[in-house]
Amino acid sequence: MGWLSREPARLQESSEKKAIPSGVWEKCPSCNEIVLTTDFEENHRVCPSCGFHSRLPGEERVELLIDRETFYEWDHDISSTDPLEFNDGRSYHDRLKTLWKKTKRYDAIITGAGLLEGRPVGLGVLDFTWMGGSMGTVVGERIRRLFARARSHRMPVIMVSSSGGARMHEGLLSLMQMAKTCAAVAQHRDAGLPFISVMCDPTTGGVAASYAMLGDINLAEPRATIGFAGRRVIETTIRQKLPDDFQTAEFLLNHGMVDRIVKRQEMKDEINNLLSILCEPQDLTQPK
Ligand SMILES: [Zn+2]
């Protein structure tokens, strides 16, 4: 009968866990430490206990990198026309509409210009919390325009990516964005302007296989997953077991695919240092 007496105790424990008010505490998915939400947010969603970097919403990423009240967003009103009238049990059009109501954003990307330690920069942020940060026609077009505008103002570009890859709801049109964004990077490079790519967790699929790996400097956040196909797909295809740290930022650093791993709290200083080396003095002027 011992198990009968143990069962209520377990139920009690689980109801105690549920009693923690939501929104006050956060539980670190890596070390299970319970952290006050305010402390967690002030630490830019990095666990103060183990340093785990949680995913950061796009707006908070802009705040992290750009000087206060200097960011001006570009092209925020571009939205997808759902060209394939895609439906996977729920229509793509409905998904977009719901996300718009929830976030007041038409798509997974924020692009614009602002000052980084007083230096004008073009910034793009791909936000995983918006449909997995997937790259469809809107994301691709906003990246293209970001590079074009930054080029006309002689500004460097920083792209911060957190994405599952191309957006299946837009089929081939989303795959075309890979070539389009790569062409935009090439034009920027031909104009002699720097591009710094920051890869966050996760940067995978068509985003990792296009512009995100083409930075003059490729930075990554600690322990970010970065890769093209998923681990299981590769293991099944090559019939080999992959190393435990395969497709982590650390693995890519060791194999020359990433130039530096930078903690979130140090990212702004690091980018500022790099830009002070990469930018010519005439690029420091305010946009005309
Ligand atoms: Zn932790």
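In strand β6, Val 157, Met 159, Ser 161 and Ser 163 point one way, while Ile 158, Val 160 and Ser 162 point the other way, and all are buried, a residue being buried if 20 or more other C-beta atoms, placed from the backbone, lie within 10 Å of its own. This is a predicted model, in which local features need pLDDT of at least 70 and side-chain atom pairs count only at pLDDT 80 or more, whereas totals for chains, interfaces and linings use all residues. Residues are numbered from 1 along each chain as its sequence is written.

**Pairing with β5**
- Strand β5 (residues 119-126) pairs with β6 in the parallel sense over four bridges, where pairing requires that DSSP finds at least two bridges between two strands.
- Within this pairing, Gly 124 stands opposite Met 159 in β6.
- From β5 the chain crosses through helix α5 (residues 137-152) to β6 in a right-handed β-α-β crossover, meaning that, with the strands pointing away from the viewer, the path from the first strand over the helix to the second runs clockwise.

**Pairing with β7**
- Strand β7 (residues 195-204) and β6 are also paired in the parallel sense, over six bridges, and Phe 195 in β7 stands opposite Val 157.

**The whole chain**
- The chain has 10 helices and 10 strands, which are DSSP runs (helices H or I, at least four residues; strands E, at least two) numbered from the N terminus.
- Of its 288 residues, 37% count as buried.

Key. Buried ≥ 20, exposed ≤ 12 C-beta atoms within 10 Å, placed from the backbone.
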